[in-house]
Amino acid sequence: MKYGARSIAAAVLATTSFSVVYAQSSTWCGKNYMSNQTVVPPGGQFQLPASSKEPLVAFRCSPAFRPYLEEDAKNAAFVIDTPVVYQYIQGASPISLSSSTSNSSDCDDLGTVEVTISIGNKVFASQEVPLNTTGREISVDISSLSAQKTGYNVTCNAAYQADSETSSSAATQYFSTNTSLLYLPDNTQGSVVKTDLRTGALWARPANGTGGDFQPFIPQGFYVSFDSYLETNLSLINKLKADGFNTIHPIPPYDNVTVFEQVLNRTVELGLYLIFDMRSNYQNLTAVAQQVQAYSSLPNLLLWETAHEPDGNSDPLGAARSTYDLIYEMDGYHPVSIVLNCQDYNFAPYVEGADIVLEDAYPVGINGTYSPVWHTECTPDFGHCGCDNCQGNIYDIKARIQTFKDRLNILGYDRTKTVWTTPQAFGSGAYWNTTPTGQQWAAMDLTSFTHGATGSISFQYPTTTGNSTTIEGTAATLTGIIAQTIQPFLVDPEATHETFFIGGVDASLWHNGTAYLLLVANLNTTEQVYVPWGDVGLGKVTNATKQVQRILSVEQNTNATGLNFRPGGIGIYTATPPE
């Protein structure tokens with residue numbers, strides 16, 4: 001099926017050209033950066049929560065999926081989290097525990113809470129859930145509700161009574177939180193993309209528009225400039241598909257509407273998911289409405305991206321949220337993303353306008369203390385060095401992803417918003433004196449997945465080509481491994497996940513009840529490192545030859561007792577040690 005020209009004037013789609021080379025405003029991340037400017041602290045720093053000497057419970061409740069459709073009504077569920085914490089994160093309230101356990105958040109036997117889920121004035125479910133646990137699901141039949149475009153207000157209550165023999169306060173304690181249930185009519189006019197709020201993964205039908213079941217997946221793709229590349233070379237789309245990617249993100253402006261329609265058709269034919277980019281006019285709500293009306297029926301539409309680096313450009317703090325609300329009023333079948341460039345500048349207000357928050361720190365090849373573009377120093381209060389507050393190595397990716405995840409948890413968005421990564425696939429100009437190797441590019445993905453990223457859209461395509469040491473030379477192998485080996489663990493709500501950082505080696509271990517997945521990356525650029533199996537959660541390995549399966553390793557190997565790393569070494573392993 002072909003998708004003809006949409007009724008959108010070229011003036012709506014055609015806007016200012018995008019450039020990664022120079023700052024777009026007189027400040028970047030709120031900082032002055034030119035030699036004729038003075039140092040003015042940027043402000044906008046994220047506020048960390050106060051600590052508590054007494055235990056708190058952060059009672060949280062969310063639908064397992066967003067949205068639910070009419071076909072899902074009998075099998076809906078809510079996810080309940082009851083962690084005991086010692087910081088005043090969003091929603092955390094004091095709780096009186098049994099005196100024998102009140103000083104420990106690690107105790108597994110704190111009793112249970114009685115959770116009640118109400119929609120409107122009707123109780124839909126009630127169930128006991130252990131205190132200090134996460135990811136407990138409560139099944140809910142919502143078929144009595146009417147599917148509608150606006151969300152339902154949901155109230156979740158929890159009642160807890162500590163052991164009366166040891167607690168100083170045996171009275172029942174009550175906790176409450178609110179959430180929203182998006183229950184939409186089945187969409188017969190286009191695609192639907194669900195977010196699994198248990199894992200942060202997306203679920204979609206095949207991108208070729210032929211129908212099929214919803215399946216979870218990890219988006220892997222590239223930004224590709226429309227006017228610089230796609231407008232004159234549609235074969236790049238075929239090449240991206242051949243390299244194993246499943247998603248494409250055309251960068252506006254889309255001046256040539258006729259060719260843009262050809263791009264859309266080609267992506268559908270090849271089965272590539274499409275990210276529609278509104279960066280140039282997302283603050284113009286009339287233009288946003290026109291684009292949503294025109295393109296929401298695309299069979300391969302994955303999500304809407306609105307604000308691109310609004311923190312860098314100091315866009316109005318509420319603009320992304322206004323656009324987000326309008327898109328959900330009109331569509332609701334596709335999530336909304338934004339891209340944040342700054343390490344710490346107005347994070348909280350900007351993420352209000354997104355379901356998916358991408359980081360785009362580009363650290364490889366920068367001078368983190370002096371800008372070769374502006375010939376000024378870079379400090380936390382001044383300067384623009386191409387990667388905000390970065391050291392200039394892949395550790396910056398680790399820190400950025402983990403920091404964003406931690407902040408979302410503090411704000412109460414750990415279920416409802418997720419983080420994606422934007423691996424650097426360019427360089428050798430402006431702020432960057434080199435382009436990442438294929439190994440470095442792969443390491444950015446691995447450390448991002450280690451710290452909770454659920455999607456990866458690199459910037460930008462075409463990238464370095466040639467032998468296996470280049471990015472494109474690495475791509476076909478890595479994309480296949482991510483889809484076949486890594487993805488099943490990341491999208492599994494039952495899989496457990498641990499992270500480790502040993503001597504500069506960033507590692508993560510998933511366990512699905514049967515097998516383990518181990519991702520490792522040596523973030524040291526000059527040091528060799530040895531890591532015993534036990535230090536990455538695999539102390540039960542007794543025969544590495546039989547119990548550990550190498551999937552991929554570069555500058556890294558194993559022996560009977562552990563893992564050896566050269567500088568920058570990476571590895572992907574599965575393991576089945578004895579229980």
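Q: Before we start, what should I know about the model and the numbering?
A: The model is predicted, so local features need pLDDT of at least 70 and side-chain atom pairs count only at pLDDT 80 or more, while totals for chains, interfaces and linings use all residues. Residues are numbered from 1 along each chain as its sequence is written, and side-chain values use heavy atoms, with hydrogens and water left out.

Q: OK, at what angle do H10 and H11 cross?
A: The axes of H10 (residues 438-450) and H11 (residues 471-490) cross at roughly 15° and come within 10 Å, where axes are lines fitted to C-alpha atoms, for helices over the stretch in contact, and angles run from 0 to 180 degrees between N-to-C directions. Helices here are DSSP runs (H or I, at least four residues), numbered from the N terminus.

Q: And which residues in H10 meet H11?
A: Gly438, Gln439, Trp441, Ala442, Asp445, Leu446 and Phe449 do, and among their partners in H11 are Ile471, Leu478 and Leu490, with contact meaning heavy atoms within 4.5 Å.

Q: Switching topic, how far apart are the axes of H3 and H4?
A: The axes of H3 (residues 235-242) and H4 (residues 257-270) are 10 Å apart, and the two helices pack at an angle of about 25°. H3 and H4 are therefore roughly parallel to each other, a label for angles under 35 degrees.

Q: Which residues make that contact?
A: Ser235, Ile237, Asn238 and Lys241 of H3 make the contact with Val263, Arg266, Thr267 and Leu270 of H4.

Conventions:
Parallel < 35°, antiparallel > 145°, perpendicular 65-115°, else oblique.
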